[in-house]
Amino acid sequence: MAMAATAAAKRRETEMRDTGMYELEGKTALVIGGTGGIGRELARGFRDAGADVLVAGRSREKLAETATFLYPDAPDKVGYQVDARSPAELRRLRDEVLADHRRLDILVNCQGTTAIKPALELTEAEYDAIADTNLKSTFFACTVFGAGMIAAGGGSIVNIASLAAHNGWALAAAYSASKWGVVGVTKSLAAEWGSRNVRVNAIAPGFFLTDLNRERMSPQRKEEARRRAAMERMGELHELVGAAIFLASPASGFVTGSVVNVDGGYLASGI
Ligand SMILES: NC(=O)c1ccc[n+]([C@@H]2O[C@H](COP(=O)([O-])OP(=O)(O)OC[C@H]3O[C@@H](n4cnc5c(N)ncnc54)[C@H](OP(=O)(O)O)[C@@H]3O)[C@@H](O)[C@H]2O)c1
């Protein structure tokens with residue numbers, strides 16, 4: 001046991017020296033929701049840091065477009081179709097990814113949906129769509145891919161939470177509940193898998209204009225989002241990449257169960 005621990009410590013140290021703290025050379029990363037605004041930018045950042053990046057989502061068109069954007073000369077076996085709400089589909093995705101790429105070192109759960117409307121008007125179908133897309137999918141993607149990481153001796157999972165996992169969110173109660181759940185899953189799996197060298201962390205983005213919110217947020221809500229951030233603006237997508245590379249790379253080797261807020265100081269502000 002002591003010898004195994006020493007060998008693992010040696011491996012971590014060598015990995016940091018050989019690859020550099022923030023480099024992902026030789027790693028394979030899968031971004032579920034990697035065709036959306038945030039996910040696509042995280043995939044680009046991982047690629048630039050040296051990882052082999054794969055993306056997954058439902059739309060074949062978006063997958064083909066993103067694969068070509070990431071690897072114009074070799075877009076094959078980059079985009080994988082999945083409806084992440086279904087554990088059976090996630091298991092099929094794992095089998096396809098491992099058949100094509102042998103191993104997976106980094107998983108990002110960036111799939112998501114929302115509805116901005118009064119809680120009294122939210123239907124059961126709308127609630128289920130939000131809960132299943134944001135929370136159920138994250139739980140099962142973690143367990144389906146985490147099992148392989150445990151067997152392989154390690155890995156890093158980054159779940160995309162939200163500011164809505166920190167406080168209450170008028171007109172988005174179901175979304176907020178799902179994101180509090182994502183943080184609960186993140187911390188619980190970090191506690192369960194820490195000794196197996198699988199780290200599980202989350203990023204809580206502030207406001208970033210994407211297809212998720214561009215049409216759904218009223219001009220007043222957008223203005224409120226800008227005003228409340230200490231930096232008095234929304235984020236730019238590339239400003240999320242550093243936190244993701246940190247959590248995916250050897251630089252965060254002793255970080256697990258953390259939520260990194262990338263919010264321009266939104267949560268720091270009182271009045
Ligand atoms: N934008 C923000 O300000 C903000 C703030 C905090 C947190 N977030 C979170 O960040 C994540 C990404 O959001 P975004 O702003 O980038 O939104 P987006 O542009 O709408 O992207 C959403 C992504 O999720 C995928 N997706 C949705 N349902 C799916 C399903 N059932 N199975 C597989 N993939 C699915 C979409 O692809 P398909 O539709 O093709 O499946 C797309 O790739 C979400 O979890 C969101 O809650 C966003």
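Visitor: Which residues does Val-31 touch beyond its sequence neighbours?
Guide: In this predicted model, leaving out residues up to four places away in sequence, Val-31 touches Gly-39, Ala-43, Phe-46, Val-53, Leu-54, Val-55, Ala-56, Val-108 and Cys-110.

Visitor: What makes Val-31 stand out in the largest nonpolar core?
Guide: That core has 30 residues. Val-31, Leu-42, Phe-46, Val-108 and Ile-203 touch the most other members. Seven names cover the elements that each supply at least two residues: strands E1 (28-32), E2 (52-57), E4 and E5 (155-160), and helices H2 (37-48), H3 (60-70) and H8 (241-248). H8 gives the largest share, six residues. Another core, of 24 residues, lies apart, and Leu-54, Leu-93, Leu-104 and Cys-142 are among its members.

Visitor: Why is Thr-114 called buried?
Guide: Buried means under 20% relative accessible area. Thr-114 has 10% relative accessibility, so Thr-114 counts as buried. Thr-114 sits in the loop between strand E4 (106-109) and helix H5 (124-152).

Visitor: Which residues are in contact with Thr-114, beyond its neighbours within four places in sequence?
Guide: Ile-130, Tyr-175, Leu-212 and Arg-216 are.

Visitor: Which residues lie nearest the centre of the largest pocket?
Guide: Cys-110, Gln-111, Gly-112, Thr-113 and Leu-212 do, out of 46 lining residues. The pocket holds about 1,100 Å³ of space. H2 gives the most to the lining, three residues.

Visitor: How many lining residues of the largest pocket are nonpolar, polar and charged?
Guide: The lining divides into 21 nonpolar, 16 polar and nine charged residues.

Conventions:
Residues are numbered from 1 along each chain as its sequence is written. This is a predicted model: local features need pLDDT of at least 70, side-chain atom pairs count only at pLDDT 80 or more; totals for chains, interfaces and linings use all residues. Side-chain values use heavy atoms; hydrogens and water are left out. Helices (H or I, at least four residues) and strands (E, at least two) are DSSP runs, numbered from the N terminus. Buried means under 20% relative accessible area, exposed over 50%, partly exposed in between (1.4 Å probe, protein chains only). Contact means heavy atoms within 4.5 Å. A nonpolar core is a set of buried Ala, Val, Leu, Ile, Met, Phe, Trp, Tyr and Cys residues joined through side-chain atoms within 4.5 Å. On a 1 Å grid over the protein atoms alone, a cavity is a set of points where a 1.4 Å probe fits but cannot get out, and a pocket is an open set with protein on both sides within 12 Å along at least five of seven lines; lining residues have an atom within 4 Å of a point. Grid points are joined across faces, edges and corners, and a volume is the space filled by probe spheres set on the points. Ala, Val, Leu, Ile, Met, Phe, Trp, Tyr, Cys and Pro count as nonpolar, Asp, Glu, Lys and Arg as charged, and the others, Gly among them, as polar.
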